[in-house]
Every structure is written in structure tokens, then in C-alpha cells.
Amino acid sequence: MTLFLLTILVWTITLFFLRPSPNDLQAKIPGYWESFKNIQATFWLGIFFIATFFVLSNGTFDELNENWFVILGVNNLYTFTPWWFVQTITHNFIHLNLLHLWTNLSFLGILSLYERNVKAGRFLSIFIFSGVLSSISIFFYSNPMVSAGASAGLFALAAAYLLDIPKLTSKEYLLGFGMIIFLFLIFSFAENKKVLDSFEIDNWGHLSGLIFGLIFVNSFQEKFLLIPRGRKIFRKSEFGIPRGFLPRPLLRAENQSRQNEKSFSPEKQVFVFPSPY
Amino acid sequence: MTKEQIKSDIVLPRLNQGEELIGFFQASYTPPIWWFFLIGPLMFFGTRIYYVGVTNNGMHLHKLSLWGKPETYNFFPYPEISKMKLGKGFLQAPLQLVFSNGGKLTLNAQLKGVEKLAKLDDKTKEFLLSKSS
């Protein structure tokens with residue numbers, strides 16, 4: 001119980017006092033409270049991880065109960081059952097032991113930098129989208145296994161932080177994609193140690209999280225939210241699928257053709273004379 | 001980008017009318033060392049390149065993104081720079097700036113390098129030292 005309360009306290013204090021300088025040097029430096037309000041998704045996601053771990057460890061806050069691990073973790077034994085699809089979501093929110101939880105909380109705390117750039121909707125969308133799809137990593141293992149942890153979603157956020165830059169050309173995107181994967185391979189697979197006899201780091205899960213994060217960043221527009229409010233996302237494109245689901249190059253091509261249509265449509269043509277001023 | 005391209009494409013278009021360019025140079029920003037103890041070598045993802053244009057009115061700071069594209073631009077007239085200190089170095093010289101809004105920036109101005117690199121020349125260095133406090 002003491003560790004549980006201490007973890008919540010340290011998490012809250014750290015996020016409250018983590019106040020990076022704004023990107024724009026001339027912008028006003030925000031106060032602590034103002035800065036903290038910008039990272040609400042990170043804060044509540046962390047609190048949810050801590051609370052879930054506390055409940056699922058039967059109040060010991062030491063190690064996850066094995067029954068819960070099997071029920072909520074994603075596995076490669078009973079795939080494609082209705083419950084398996086639920087597990088692809090739930091496995092993102094449970095942690096095996098205290099060290100696992102603390103490591104992921106530290107990682108999440110650093111990634112709050114990304115939430116400041118894109119706001120909560122996109123931040124959580126990337127986390128859930130990549131966390132769920134990273135479940136495919138279990139097919140890379142021949143032995144029966146159960147996987148759990150938020151790290152795949154967090155790797156996706158890390159990749160998105162580096163490559164979620166507007167007006168990035170396809171060439172730059174591909175270069176960045178390659179570079180991030182290369183760095184990941186160096187950092188992860190170079191030291192492939194077993195943490196414990198029965199536990200192993202799911203590097204394939206991390207890698208697939210990273211890749212899906214990068215795919216999300218390129219595929220979905222900057223304003224895409226988990227619950228979209230704008231109808232533009234669902235407007236049908238000339239390629240037959242909603243605009244929100246178009247990859248950037250196709251979206252650019254469609255925007256260009258729409259613009260051309262507008263400027264050359266004879267019935268809509270308006271002559272504007274240059275102003276003498 | 002060569003220094004001629006930087007000058008014509010990035011630095012000169014931002015100058016105001018009647019503003020005289022003293023010089024421009026490339027500088028780098030590295031995050032504070034305590035980040036290394038927290039996230040290890042990943043801290044170098046925070047490294048950024050700046051193109052700094054020095055004029056008679058103030059300093060033009062062009063920050064590049066991780067992928068080398070101009071990301072943000074700021075102009076600080078000299079009265080808005082409350083403290084400026086140019087140190088000594090062999091390859092790079094530390095340039096500390098404190099702005100009137102409380103912001104701080106420590107850059108490493110490039111002193112040596114290949115021909116195409118925009119380096120801090122003696123004329124700009126002397127000008128900056130005259131403005132240093």
C-alpha cells in the first residue's frame with residue numbers, strides 16, 4: 001500500500017514539475033499548473049496503469065496475479081476467439097511486476113513531450129491503435145506465450161514523436177522510418193538478455209508497435225482523433241475510401257486535383273482585377 | 001545546404017528593410033548532460049542545429065528540425081537579450097543567451113569546419129563580443 005501511494009505521489013510530482021521550455025523562444029514560459037494541464041492524457045494513463053496493477057496484484061503491488069495475467073494478456077494459444085480480441089486491448093494496460101510498471105511509467109513520462117505537441121486525442125489514438133495491432137508479434141513465437149505491457153504503444157509514441165512533423169516529404173519520411181528502425185534494432189537486439197527464466201522481453205512486440213506508430217503518423221492526418229468530430233475525415237475521396245484513411249501522398253494528389261478542378265471550372269470562374277494599391 | 005544557400009534561402013529573406021547583416025553562422029544545441037543519466041544516448045535526439053544571423057538590430061535564430069528542415073524562427077533585438085556571453089573554444093565556442101522573457105539558450109557556435117559550413121568569422125565574433133554583457 002505504501003509503495004502504491006508513493007508511486008502515485010512520485011508520478012504526480014514528477015509530471016507537475018516536468019516543464020520543458022516552449023519550442024518558440026519568444027513564447028511565454030508557462031507556469032507549472034498550465035504546463036501540467038497540457039499533459040492530462042499522460043497523467044491519467046499513468047494513474048490507470050498504477051491503479052490497474054494495484055488491483056490485479058491483489059493489493060500487494062509487487063507482482064501481477066498469474067490468473068489475471070493469463071486472462072488479460074494476449075496469447076498465441078487461443079487466437080481469434082472473441083475474448084482474444086478483447087485481450088489485444090487489455091494487454092496494453094497490465095504489467096507483470098513493479099519494475100516493469102516503473103520502467104514503462106518513466107518512458108511514458110518522457111513521452112509527455114509528444115502530448116504537448118499534438119494534444120490528448122492523437123496521443124491516445126496512437127497508443128491504442130499501435131498497442132492493439134502490435135499483438136501480431138505473438139505469431140513470431142513458436143512456443144506458447146502470453147504477452148502484456150504498455151511498451152508497444154509507448155514505442156509507437158516514441159516513433160511518432162520523432163516523425164510526426166507536418167510537411168515531411170515521402171523521401172524524408174522513408175529515411176526517418178529506416179533510421180528509427182535501424183536504431184531500434186541496434187538498441188534492442190544487441191542486448192537480447194533474458195530478464196528472468198520465465199519472462200522474456202517481447203522485442204517483436206516493441207518493433208511492431210514502432211512500425212504501426214510510424215504507419216499511423218503517415219496515414220492519418222494531424223487532426224485525426226479517436227472520436228473524430230470533423231466530417232471531412234469521412235468525406236469520400238476519389239479513390240473510393242474516406243479521406244481520413246488516405247496515405248499522405250494520395251491525399252496530396254487528391255487535394256491537388258480538387259484545387260485544379262476548382263480553378264478550371266468554367267461556371268465558377270471569377271475574374272479578379274489586381275488592386276491598384 | 002552550403003553557406004551560400006543558407007544565406008540566400010534562409011537568412012536574407014528574414015531581414016527587415018535597412019537592416020545590415022554582420023554575419024551568420026551555424027550553431028548546435030545539445031540538451032543538458034543530466035538527460036544522459038535519465039535516457040542514455042537517446043538524449044542526442046534532442047540535439048538541434050541553429051542558423052544564427054547577426055545584424056546591427058538583433059539576432060535572427062533559425063532552428064532546424066531533427067531532419068534538417070527550418071522549424072521555428074525567432075528574432076531578438078539586442079534590448080531583448082538581457083545577457084549574452086561568447087566563450088572560447090577550438091572547434092566550437094559556447095554562446096550563452098538569456099532573453100528578457102526569462103528564456104535561456106546555450107549554443108555551440110561553429111569555429112572550424114569544411115568550406116561549405118557557415119562558421120563564426122572574426123568580424124561577427126568581434127561584433128558579438130562588443131554586444132556581450
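Biologist: Which ring does the charged end of K131(B) sit over?
Modeller: Keeping in mind that this is a predicted model, the charged end of K131(B) is placed over the ring of Y78(B), at 4.7 Å from the centre of that ring.

Biologist: And K112(B), what does that lie over?
Modeller: K112(B) lies over the face of F90(B), and its distance from the ring centre is 4.8 Å.

Biologist: Switching to rings with rings: how many aromatic pairs are there over all chains?
Modeller: Searching the whole structure gives 28 aromatic pairs over all chains. One of them is formed by F54(A) and F61(A), whose ring centres are 6.3 Å apart and whose planes stand at 55 degrees, so this pair is tilted.

Biologist: Are F54(A) and F61(A) buried or exposed?
Modeller: F54(A) and F61(A) are both buried. Another aromatic pair, F155(A) with F184(A), is edge-to-face, with 5.4 Å from centre to centre and 85 degrees between the planes.

Biologist: Where do F155(A) and F184(A) lie?
Modeller: F155(A) belongs to helix 7 of chain A, which covers residues 151–163, while F184(A) belongs to helix 8 of chain A, which covers residues 170–189, so the pair ties together parts that are 29 residues apart in sequence. Both F155(A) and F184(A) are buried as well.

Biologist: Which residues do ring pairs link into a cluster?
Modeller: There is a cluster in which ring pairs link F16(A), F17(A), Y32(A), W33(A), F36(A), F43(A) and W44(A).

Biologist: Back to helix 7 of chain A: how does it cross helix 9 of chain A?
Modeller: The axis of helix 7 of chain A comes within 7 Å of the axis of helix 9 of chain A, residues 203–219, and the two cross at roughly 40 degrees. These two helices are therefore oblique to each other, and helix 7 of chain A passes helix 9 of chain A in a right-handed crossing.

Biologist: Which residues make that contact?
Modeller: On helix 7 of chain A they include F155(A), A156(A) and A159(A), and on helix 9 of chain A they include G205(A), G209(A) and G213(A).

Biologist: New topic, N65(A): where is it found?
Modeller: N65(A) is in the loop between helix 3 (40–56) and helix 4 (66–72) of chain A.

Biologist: Why does N65(A) count as buried?
Modeller: N65(A) has a relative accessibility of 18%, and buried means under 20%, so N65(A) counts as buried. Leaving aside residues up to four places away in sequence, N65(A) touches L56(A), S57(A) and N58(A).

Technical notes. Residues are numbered from 1 along each chain as its sequence is written. Chains are lettered from A and ligands numbered from 1 in the order in which they are written. This is a predicted model: local features need pLDDT of at least 70, side-chain atom pairs count only at pLDDT 80 or more; totals for chains, interfaces and linings use all residues. Side-chain values use heavy atoms; hydrogens and water are left out. Rings of Phe, Tyr and Trp (its six-membered ring) pair if their centres lie within 6.5 Å; planes under 30 degrees apart count as stacked, over 60 as edge-to-face and the rest as tilted. Buried means under 20% relative accessible area, exposed over 50%, partly exposed in between (1.4 Å probe, protein chains only). Helices (H or I, at least four residues) and strands (E, at least two) are DSSP runs, numbered from the N terminus. A charge sits over a ring if NZ of Lys or CZ of Arg is within 6 Å of the ring centre and within 35 degrees of the ring normal. Axes are lines fitted to C-alpha atoms, for helices over the stretch in contact, and angles run from 0 to 180 degrees between N-to-C directions. Angles under 35 degrees count as roughly parallel, over 145 as roughly antiparallel, 65 to 115 as roughly perpendicular and the rest as oblique. A crossing is left-handed if the near helix is turned anticlockwise from the far one by less than a right angle, and right-handed if clockwise. Contact means heavy atoms within 4.5 Å.
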